[in-house]
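Colleague: Could you take me closely through one part of this model, the packing of a pair of helices, and say which residues are involved?

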Amino acid sequence: MVGGIWLTRRRVIKVLFGSPRPGIDQNPYLSLLASGMPTDVEVVFFSWRQALWSRFDVIHLHWPETLMRGSSGPRSAGKLALTLMLLLRLSVTNTPVVLTLHNLRPHEGATRLESLFLRWFRKLTREAITLIDGVHAGLVAHYIPHGHYKDVYPATGPVSADSDVVAFVGAVRAYKGVDRLVQVFVNHPSNEFRLIVAGGVSDPRLGDEVRALGGHDERVELRLTSLTSNELSDIIDQCFLIVLPFREVLNSGTALLALSLGRPVLMPLGPGSAALQVEFGARWVRTYEGDLTGDVLIGQATQARDDIRRGLGELNWESREWDEIARRHAEVYYLAAGMVRER
């Protein structure tokens with residue numbers, strides 16, 4: 001605003017997302033964010049051709065470490081070289097970087113070179129977005145919550161206290177503690193509940209470990225393969241509680257997915273789970289401190305089923321509608337680019 005008069009933008013702002021467009025059965029977070037953008041924001045999904053050769057006003061990074069990692073040593077080396085070229089281009093052209101803090105550090109760690117490049121991206125970051133109010137990892141960050149998944153996946157039935165199934169769903173990765181979940185469940189003598197673990201495994205050794213822990217227990221069902229949206233909804237429909245025993249997590253899209261489909265969650269206590277508990281209530285978001293144990297798991301499952309019988313109450317998703325979330329992102333893009341939006 002100049003002299004009390006709103007300036008008019010001269011063109012649409014073009015934003016390059018730092019991740020490719022999700023596949024049909026992948027996390028739709030970025031697709032939902034892009035589809036809700038106002039008409040003065042053009043979103044382009046990541047490709048190296050777009051990143052190195054096309055014109056864009058802002059690049060919005062979500063998981064920058066994935067840019068540098070390939071399925072083999074040579075592929076990772078090639079991606080590191082491309083990332084270096086991208087960093088040089090952003091530096092020379094002074095292109096604004098917007099960074100969303102999905103996590104405080106890469107879940108699988110980082111090599112020295114990856115860590116160097118990640119610090120470089122942070123130095124180029126002009127605006128940051130946090131999904132949890134007050135958690136900013138040393139950056140000045142705008143709080144914009146994660147949107148819901150209510151209208152994306154096939155509908156599930158109401159949560160039922162007659163179900164005896166607790167479940168883990170989502171990609172099985174080391175930091176998510178799935179091996180610990182299976183181990184404590186198998187070692188507990190209770191026969192009151194069943195456990196389903198469903199999701200793709202990128203590390204064959206972790207998959208073998210989970211199978212060795214739970215493959216011979218008739219109370220445990222393992223579906224260690226990538227799930228379609230229908231399969232995911234079907235599993236959630238069977239259970240009354242989603243267990244997410246992460247060893248370290250800041251924000252969980254899986255927790256939002258479970259709540260969106262009407263299932264309470266059990267998570268370790270941390271900034272993200274504490275914020276969800278304040279927003280949705282302790283009956284919907286159950287937490288525990290320290291390492292997950294069999295007694296904690298069975299005790300929380302028993303209490304969750306009792307809460308379902310008493311009634312969990314309704315969830316309010318007003319602050320997590322995608323159109324409003326996208327609009328707030330647009331404001332951050334214009335702020336990063338130093339452009340003034342039309343009013």
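Modeller: What follows is a close look at one helix pair.

This is a predicted model, in which local features need pLDDT of at least 70 and side-chain atom pairs count only at pLDDT 80 or more, while totals for chains, interfaces and linings use all residues. Residues are numbered from 1 along each chain as its sequence is written, and side-chain values use heavy atoms, with hydrogens and water left out.

Two packed helices are described by the angle between their axes and the distance between the axes. The pair here is α3, residues 73-93, and α4, residues 112-124, whose axes come within 11 Å and cross at roughly 20°; helices are DSSP runs of H or I with at least four residues, numbered from the N terminus, and axes are lines fitted to C-alpha atoms over the stretch in contact, with angles from 0 to 180 degrees between N-to-C directions. That angle makes α3 roughly parallel to α4, a label used for angles under 35 degrees. The crossing of α3 past α4 is left-handed, meaning that the near helix is turned anticlockwise from the far one by less than a right angle.

From α3, Leu80, Thr83, Leu84, Leu86, Leu87, Leu88, Leu90 and Ser91 take part, and they meet Leu113, Glu114, Phe117, Trp120, Phe121 and Leu124 of α4, where contact means heavy atoms within 4.5 Å. The residues of this contact divide into 11 nonpolar, 2 polar and 1 charged; Ala, Val, Leu, Ile, Met, Phe, Trp, Tyr, Cys and Pro count as nonpolar, Asp, Glu, Lys and Arg as charged, and the others, Gly among them, as polar.

Conventions
Helices (H or I, at least four residues) and strands (E, at least two) are DSSP runs, numbered from the N terminus. Angles under 35 degrees count as roughly parallel, over 145 as roughly antiparallel, 65 to 115 as roughly perpendicular and the rest as oblique.
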